[in-house]
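Visitor: Hi, I'm new to this one. Could you put it up and walk me through it?

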Amino acid sequence: MGTVRALWLERGRLDVRDIPIPDPPPGEALIRVLGAGICNTDIELTRGYYPFAGIPGHEFVGVVERGSERLNGRRVVGEINAVCGSCAACAAGRRSHCERRTVLGIVGRHGAFAEYLALPVDNLHPVPDSVSTDAAAFTEPLAAALEIQQQLAVGPRDRVLVVGDGKLGQLVAQTLALTGCRLVVTGRHDAKLRLLAARGIDARRDGAVEQGAFDIAVECTGNPDGFGIAQRALRARGTLVLKSTYAGALTLDASAIVVNELTLIGSRCGPFAPALALLADGRVSVEALIHARYPLERAVAAFEHAQQPGILKVLIEVAE
Ligand SMILES: [Zn+2]
Ligand SMILES: [Zn+2]
């Protein structure tokens, strides 16, 4: 049996090593990874967000090597929740909440920072020819950004605040801007705010926004300051969407939530098909978010780079 190179995470430590090539069970495909993006969730995993040991990485693009006649030889991206299909959540159509799910590179399943990965064929989406491999690596986080619009109707009359100008905040802002809503983004980094402003988005520093004025606030920072800014910006009966991974417990002003009758919405994985359609149409711009690229052999350095302040997406390039 052959071996492949992979980035391995165990007890907070990363190293690149040889592992046996994955042997997908029936219903799963073997995928040769082309590239994968480092997400904040991956960084949180190295800090113990989940007790995960194995290969991290869930934002990938690859080529199907075997397992699907329809997709063999094609570039694909993949939904990250591998589901059982038979539990109560699956039966009710809440497949991303399957009670027995594994999650690519996050829960019970090796991820994408490796030469090969295995994923159920049902999770795979072919990448349109007009979408570059670099852009395709953004499908998963872009889908996560679009999940907000699955959960909430957002339209031109809505005043919407996005808190955070990082990787996720950028995608959330770009997708919300397409709804025509009255959008403001607040963040801490001039260069990142300029990227948004260049797309015609009202981008402001350090929470300089009117309080009690927004219908919807989307928290994309994962820190308590961001939560506070989002909460104070909302009008009574406004909706606060939590889009970040929180590494620890969050202290919140529960009485302000009660008194103002705020609605809290947790938001995680989203739909891939509309994300790919946005990339194919060029209605969102993701390549400007790539700040660095590293080969798989230097994945540990890539993780260090991704954690530096002001850095947006770091891609690990696995194969041509
Ligand atoms: Zn992610
Ligand atoms: Zn299930």
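Visitor: Leaving aside its neighbours within four places in sequence, which residues is L152 in contact with?

Guide: L152 is in contact with I216, T239, V241 and I265, where contact means heavy atoms within 4.5 Å. Before we go on: this is a predicted model, in which local features need pLDDT of at least 70, side-chain atom pairs count only at pLDDT 80 or more, and totals for chains, interfaces and linings use all residues. Residues are numbered from 1 along each chain as its sequence is written, chains are lettered from A and ligands numbered from 1 in the order in which they are written, and side-chain values use heavy atoms, with hydrogens and water left out.

Visitor: Okay, where is L152 then?

Guide: L152 sits in the loop between α4 and β10. Helices (H or I, at least four residues) and strands (E, at least two) are DSSP runs, numbered from the N terminus. Along the chain L152 and T239 are 87 residues apart, with 9.0 Å between their C-alpha atoms.

Visitor: Is L152 buried or exposed?

Guide: L152 is buried, because its relative accessible area is 15%. Buried means under 20% relative accessible area, exposed over 50%, and partly exposed in between (1.4 Å probe, protein chains only).

Visitor: What about the zinc ion (ligand 1), which protein donors has it got?

Guide: Its protein donors are C39 (SG) and H58 (NE2), at 2.0 to 2.2 Å. This pair also links distant parts of the chain, 19 residues apart: C39 is in the loop between β3 (28-37) and α1 (40-46), and H58 is in the loop between α1 and β4 (59-66). Both C39 and H58 are buried.

Visitor: With those cysteines around, how many disulfides are there?

Guide: The count comes to zero disulfides, a disulfide being a pair of cysteine sulfur atoms within 2.5 Å. C181, for one, is in no disulfide, and the nearest cysteine sulfur, that of C220, is 13 Å away.

Visitor: Let's do helices. Which residues of helix α9 are buried?

Guide: In α9 (residues 272-281) they are F272, A275, L276, L278 and L279. They lie on the same side of α9, because they cover an arc of only 155 degrees around the axis; the arc is that of the directions from the helix axis to the C-beta atoms.

Visitor: What covers those buried residues?

Guide: The cover includes β5 (75-78), β9 (124-126), α3 (133-136), α4 (139-151) and α5 (167-177). Just after α9, G282 takes a positive phi of about 70 degrees.

Visitor: And what caps the N-terminal end of α7?

Guide: N223 does, with a side-chain oxygen 3.0 Å from the backbone nitrogen of D225. The buried residues of α7 (residues 224-233) include F227, A230 and Q231. Packed against the buried residues of α7 are β10 (159-163), β13 (214-219), β14 (234-242), α8 (254-259) and β15 (263-266).

Visitor: One more: where is G54, and is it buried or exposed?

Guide: G54 is in the loop between α1 and β4, and at 0% relative accessibility G54 counts as buried. Leaving aside neighbours within four places in sequence, G54 is in contact with L7, W8, L9 and H110.

Terms used. Polar contact = N/O pair within 3.5 Å; in protein donor to acceptor, adjacent residues only side chain to side chain. Donors = N, O, S within 2.8 Å, 3.2 Å for Na, K, Ca; no water.
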